[in-house]
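Reader: I'm new to this one. Can you walk me through it?
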Amino acid sequence: MKIVYNERHAQHAAQKEFFRGQLVDAFEIPARADFVLQALQASELGPFVPVVDHGRVPLERVHAPAYLRFIEGAHAEWLALGGQGEAFPAVWPIRSLRSDVEPKSFAARMGLYSMDSGSPLTAGTWAAAYWGAQASLTALDLVLAGERSAYCLTRPPGHHAGADFFGGYCFINNAAVTAQAARDAGRQRVAILDVDYHHGNGTQAIFYERADVFFLSIHGDPQTEYPFFLGHADERGAGAGEGFNANYPLPAGASNEQWFEAFEKALVQLNAFAPELLIVSLGVDTYGGDPISHFRLDEPEFRRMGQSLASLQLPTLFLQEGGYATAAIGRNVLAVLAGFETTAQGQPGV
Ligand code: Q9C
Ligand code: ZN
């Protein structure tokens, strides 16, 4: 399986994040990708393919240009305002307040373009996220050119970012950008399967009224788990997109049996859609040892996940999302990808 690695990921290196009234050590840190890189380099997977710059246009197919410009300049504005270290929002246009007027104040725009105070924005956030999207698009090119699969190793993650907001450690929605790029390249039906512990609210919202991109997600129940305000089972899409969104919320602490029961149901639904491309939002924060999540998957389950995904016999693009048990992420990601490869190698080409 070819791999595209976002070498600029470490430019986004937050020290701290807000959590329950305190600044605590950041969870979404460069070491996450470093451990995955080590595990991949020690494996049979590869080769590594260099990142190709596709420019800003494919990002603007999903994100508002004003939002992208905001992210690009945000940290410099924060410093100009007298802010120190990482930038955090403090005020949001909640119900009854206007979000259709872009305020001049940076503090206000920080709230307009964000969903939480737990996603530190640093001097290098734009560069890391921009090149992460480019790495994702490069991995997509490989699959569009006929590769059975490809994996993009990148951070920050993407699936919580909406068309015009960041949050949940995410700034540019790599899954949405690549799905849209695949549509623009002529693929008619694209499925995005999100297996991260957290619901991919940004990806869901971007495609909620569309029938050409089917979003499916298995995640911690938003009644108790981040992102809290989206991800319920009754969200099935709207308008032309009705029936093309599927959520499988599971209680925090769910067993592996429960997880695979939901996963298998999602795969049946996905298969019935007959997609021409599968994009996997691959968060491994479903791991039992994850510090901020509450499922129980471990190496055998990650391998089984990869094997089941290969059994769909679809061109498959894996994009790295969450996973915060830093030292175990490499092993867990490798288990998914190696599981996929062992099953895919026994199949006729797709
Ligand atoms: N201190 C992804 O996995 N808040 N995002 C957690 C823990 C947000 C996770 C608070 C978690 C977002 C891509
Ligand atoms: Zn997550």
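**Ligand 1 and its surroundings**

Author: Start with His-198: one of its polar side-chain atoms lies 3.2 Å from an oxygen atom of ligand 1. That is a polar contact, meaning a pair of N or O atoms within 3.5 Å; within protein, one must be able to donate a hydrogen and the other to accept it, and residues adjacent in sequence count only if both atoms are side-chain atoms.

Reader: How much of the accessible area of ligand 1 does the protein cover?

Author: The protein covers 91% of the 400 Å² of accessible area that ligand 1 has on its own. Such areas come from the Shrake-Rupley method with a 1.4 Å probe, and for residues only the protein chains shown count as cover.

Reader: Before we go on, what kind of model is this, and how is it numbered?

Author: This is a predicted model: local features need pLDDT of at least 70, side-chain atom pairs count only at pLDDT 80 or more, and totals for chains, interfaces and linings use all residues. Residues are numbered from 1 along each chain as its sequence is written, chains are lettered from A and ligands numbered from 1 in the order in which they are written, and side-chain values use heavy atoms, with hydrogens and water left out.

Reader: Back to ligand 1. Which residues come nearest?

Author: Glu-17, Phe-19, Gly-168, Asp-285 and Tyr-324, out of 16 residues around ligand 1. Near means that a heavy atom of the residue lies within 4 Å.

Reader: What does the side chain of Tyr-324 do there?

Author: An N or O atom of the Tyr-324 side chain is 2.6 Å from an oxygen atom of ligand 1. For Glu-17, a side-chain N or O atom is 3.1 Å from a nitrogen atom of the ligand.

Reader: And how does the shell divide?

Author: Into eight nonpolar, five polar and three charged residues. Ala, Val, Leu, Ile, Met, Phe, Trp, Tyr, Cys and Pro count as nonpolar, Asp, Glu, Lys and Arg as charged, and the others, Gly among them, as polar.

Reader: New topic. Where are the cis peptide bonds you'd point to?

Author: One runs from Gly-46 to Pro-47, with omega near 5°. Another runs from Tyr-226 to Pro-227, with omega near 10°. Pro-47 is in the loop between helix H1 (30-41) and helix H2 (57-60). Helices (H or I, at least four residues) and strands (E, at least two) are DSSP runs, numbered from the N terminus.

Reader: Why point them out?

Author: Because most peptide bonds are trans, and most residues other than glycine have a negative phi.

Reader: Which residue has a positive phi of about 50°?

Author: Arg-20, although it is not a glycine. Arg-20 lies in the loop between strand S2 (16-19) and strand S3 (22-25).

Reader: Is Arg-20 buried or exposed?

Author: Exposed, because its relative accessibility is 73%. The cut-offs are under 20% relative accessible area for buried and over 50% for exposed, with partly exposed in between (1.4 Å probe, protein chains only).

Reader: What about Gln-313?

Author: Gln-313 also has a positive phi, near 55°. Gln-313 is partly exposed, because its relative accessible area is 38%.

Reader: Last one. What does the side chain of His-75 reach?

Author: The backbone oxygen of Gly-85, at 2.8 Å. His-75 is found in helix H3 (residues 65-80), and His-75 counts as buried because its relative accessibility is 10%.
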